[in-house]
Amino acid sequence: MDMPSKGENVQLIRITWPFLVVILVLVSLAIFSIDIMSSVRAYIGGESIWSKGQKDAAFYLNLYAETGYERTYEQYLTAMKGPQNLRTARLALDQKQPDPTTARRALIASGVHPDDVSDVIWTFHMFRHVSYFEKAVDYWTRGDAEVERLERVANELHARVAAGALPMSLVAAYKAQILTINETIAPLSRGFSEVLSSAFRKTASLLLTVDLVAALLLVCLSTVHVRRLIQQRGRVEAALKQSEARAKATLGSIGEAVIATGPSGHIEFINPAAERIAGRPASDCLGRPLAQTFRLLHADSRQPLNPIEEARAGVRHDGEAAEMLLQRRDGAEIRVQAVTSRISASASSTSAAATESGFVVILRNMTREYEYIESLAWQATHDGLTALVNRAEFERRLQHALGTRWSDVASWLPAASALLFLDLDRFKVVNDTCGHAAGDAMLREVALRFEASLQPDDTLARLGGDEFGVLLQGYDTAGIQAVAERLRACLNDFVFDWEAQPFTTSVSVGVVDLRNTEMSVEEAMRLADIACYMAKERGRDRVQLADLGDRELARHASEVSWGRRLKQALEHDHFCLYVQPIVAVGDGVPASTDGQRAELLLRMIDPNVSNDVIVPSLFIPAAERYGLMTAIDRWVIRNALDTLSRARHKRFSEYAINLSGASVGDERFLGFVREQFLRTGVSPGMICFEITETTAIANLASAARFMHELNALGCHFALDDFGAGMSSFGYLKHLPVEYLKIDGSFVTDMVLDPVSREMVAAINEMGHSMKCRTIAEYVESEGILRALHALGVDYAQGYYIGRPMLWTEPAVLPMAKEA
C-alpha cells in the first residue's frame, strides 16, 4: 500500500484544519463543562455532608444534655468531624497563601470523593470572588461560626457533666442554646444549598448556551468552508477543462504526431497530426494497440518495433529519440523520430511499474529534414547553376584519383587518366552586354553540351565563373586527345540567342596527363590552369597539353609560383624597405646625402635563405598578373609612414614612394592614403609619389584626379621613367608634377652616345620650361655626373651616388597609436 506523500498530507491538513479546530474547541468546552458540573456537584455533596454532620451533632449533643451518657458525647464528636474538616479545608484555601495539601487531606477526611477533590480546589481558586460563589462561601463561613458556637457549648456541657449531675434548669438552658444554634444554622445551610443550586442551573444554562453557540459556529464555519471547497473545486474543474481544451488545441496545432496510451498500450488519444501521419481517422485508432495501428520498423534492419515495450524494457530512457520507419496502411514509408515518455501516477513511488498509468509517444515526420539534409549534401558537392559537380567535390575526387596508382588499379576498374581545364572564350562579352542572367543561361547550355560529349564515368565540374574541369577515367593517350578535341569542337556550331542577339563562344582546353605521375591536387590544378592559359595565349579555341619542356609554359608556371609566394609574403609580412639617396648635382661632385631626398625601394624577404632579399624585377610581373600590386602598395605606404612617425629626426627631407597603375586607378586607394596620413600624423609634404609615364598616360583621368587630391594635401609627385613612353608631352600640363625622372636607359649611355645625351638635354630643358625639376637615374660614374652638371640637371640617383641600403631611421620612437 502506497503511503501518502508529504504534499498530500499538507493538502489534507489545509482542508480539515478548521473542522479540527472547532472539534477541539467543542471537546474543550465539554471537558470544561463536565469539570464545572462535577465541582458544583462536589460542593453540593459537601454541603450535604456538612449539613448532616451539623444536624447529627446537634441531636447527639441535645441527647447528651438530657442523659449525660459519654457514649452519646462520642457520637456527637464523630458527627462533628465532617463540618470541622470542611472548615479546615475552607480556611486552608481562603488564606493569602493557599495550602492545597492541607485542604486535600481535610476534604478527603470529610467524606468528599478523592476524584472530586481537585475540582473542588480548582473551583475555589477560579471562582472565589465570583458573586454567586462568594455568596456561598459567605454562608459557609457563617455556618462554620455557628458550628464553633456549638462546639463551645458542647465543651462547656461536657465539662459540667463531668463535674457532677446538672440541675434540670441548667439542662433546659443548654438545650435551648443548642436549639437556637440549630435554628440559626438551618437557614445558612439552606442558603448555601440554594446558592449552589442556582449556580448549578446558571452554569448549566451558560454551558448549554456556549455549546449551542459553538455548535452554531461549527455549522456556519463548516458551511463556509464547504462552500469555499465547492467553489475551489469548481474553479479547479473549470481550470482543468480550460487546460484540457488548451492542451487539445495545442496538440492539434503542433506538427508532431502525439499518441497517448493506457498501461496496456491501447490508444486513448491521438492528435490530428497523428491521424495525418497514420493515414486513418482517430475513430479507427482509439482503443486499438499501438503496435497494430502504427507499424514502426527499425530504420536499418527493418525489424518491427514497439516503442512502449522498449521503454518498459529499458532499451531507451524516457524522452530519448530514436530514428524509425513508419509503414502506413497504403504501403508508404515515412522516416520518423519517435520519443516515448512514461506517464507516472505517483511521483513518490519507487516502483515504475506500480505507478505506470500510460505512455505518450511522439512521432516527428523527418521527411523534410532528410530531404533538406540530402539537399544540403547535394549543394555541398554540386554547382547550383549548372547542377554539375562543384570545385570542392571535383578536387576531392581528383585527390582520390591521384592517390591511386595506375598500376594498382584492377583491370575492370577505370582509372583516372587525365585532368582537363576548360575556359570559355569571350564569355565576358555576354556578361557585359546582356548582364549576368544571360551569362548564367549560356553557362547552363554550354554545360549540357559538355555533358553530352563525355562518358558516364567521367567527371564534369564547374570550377567557378566560366571555368570547367573534367576528370577522365580509363583512357589512353589517343582517347584523352579525342575527348579534349570533342569538348573543344562541341561549341563550333553553338549559337546563344538572348533577346534577339546571337552570341558565339569557343573553349580553350588545358590537358594534364595523370598517368604514372606523382603530383598534388594543387600542382595538377595549377598545371592544367597554366596549360589552358597557354591555349588562350596561342589563339584560343584550341587544346594545349601541359608539357614542362615548353619554355613559355615554364615561364607561366614560374609566375604562378611567384603569385603564391607573394600572397604568403603579404600574409606573413615578408617584405622590407631599402632606401637610395637622391642628391643635388651641384658642381659635378657627389654631395652629402644628409638632408637630401631619397627613394624607398621594396624588397621581398626569402624565408628559406638567411639574410637574402629578392629584387622587384623577379616578383612584380607576377604581382601585376595576379592583381596583388595594390596590396603591395598598401603595405609600402603603411610601413613607410609608421617608420617615419616613430623617428625623432628624419635622415632625409623627402621620401619618394613608387605607385603602380592599379593603385592609381583604384578609388579606394586614395581614401586609404588619406587615412594613413591621419593615423600616423606624418606630414604629406615629406612624401613624393612616383608614377611611371606609361601609367599616367594609360589612366590619365584617374591619375589626374588622384594626383590633384593628394597634391592638395601637400604631397609631391614625380613622373618615373620619363621619355620611355615615346608619347606626346601635352598631358603634362594637366598633371601637378614637380619632378621628371629621366629614364635610366638614356642616362647610362649619355657619355658615349650623343643621341642619348641630346635626349637627356631635351627632357631637362622641357622639364625646366614646365617648371619641373629633373632627376637623372642610373648615375653609375663620375663622368655621367659631370655630364649631368654640364646640362643643368637638378638631381642625380644611382650606384655612384649611393647603393640601396636597408632603411632605418635613427632615434626611433614607440609605434604611433593607430587612429
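This is a predicted model: local features need pLDDT of at least 70, side-chain atom pairs count only at pLDDT 80 or more; totals for chains, interfaces and linings use all residues.
Residues are numbered from 1 along each chain as its sequence is written, and side-chain values use heavy atoms, without hydrogens or water.

The protein is divided into domain 1 (12–215), domain 2 (255–344 + 356–372), domain 3 (381–404 + 412–560) and domain 4 (565–724 + 732–806); these bounds come from an automatic or database domain assignment. Between domain 2 and domain 3, the C-alpha centres are 52 Å apart. Another distance concerns V613 and M442, which are 171 residues apart along the chain and have C-alpha atoms separated by 48 Å. V613 belongs to strand β17 (residues 613–614). Helices (H or I, at least four residues) and strands (E, at least two) are DSSP runs numbered from the N terminus. V613 counts as partly exposed because its relative accessibility is 29%; buried means under 20% relative accessible area, exposed over 50%, and partly exposed in between, with a 1.4 Å probe and protein chains only.

On the surface, I13, W17, V21 and V25 form a nonpolar patch with about 390 Å² of accessible area together. Patches consist of residues with over 30% relative accessible area and no salt bridge, with like charges joined within 9 Å and nonpolar side chains (Val, Leu, Ile, Met, Phe, Trp, Tyr) within 5 Å. A salt bridge is a side-chain nitrogen of Lys or Arg within 4 Å of a carboxyl oxygen of Asp or Glu. The areas come from the Shrake-Rupley method with a 1.4 Å probe, and for residues only the protein chains shown count as cover. W17 is part of helix α1 (residues 6–67) and is partly exposed, at 48% relative accessibility.

The whole structure contains 14 aromatic pairs. Rings of Phe, Tyr and Trp (its six-membered ring) pair if their centres lie within 6.5 Å; planes under 30 degrees apart are stacked, over 60 edge-to-face, and the rest tilted. F575 and W635 form a tilted pair, because their ring centres are 5.6 Å apart and their planes meet at 55 degrees. This pair links distant parts of the chain, 60 residues apart: F575 is in strand β15 (residues 575–584) and W635 in helix α20 (residues 629–646). Both F575 and W635 are buried. Y739 and Y795 make an edge-to-face pair, at 6.3 Å centre to centre and 65 degrees between the planes. Y739 is in strand β21 (residues 739–742) and Y795 in strand β23 (residues 795–796), so their pair ties together parts that are 56 residues apart in sequence. Y739 and Y795 are both buried.

One aromatic cluster is formed by F669, F672, F689, F706 and F717. Over the ring of F672 sits the charged end of R634, 4.6 Å from the ring centre. For such a contact, NZ of Lys or CZ of Arg is within 6 Å of the ring centre and within 35 degrees of the ring normal. The charged end of R803 sits over the ring of Y799, at 4.1 Å from its centre.

Backbone angles come last. Most residues other than glycine have a negative phi. R540, not a glycine, has a positive phi of about 65 degrees, and D541 has a positive phi near 50 degrees.
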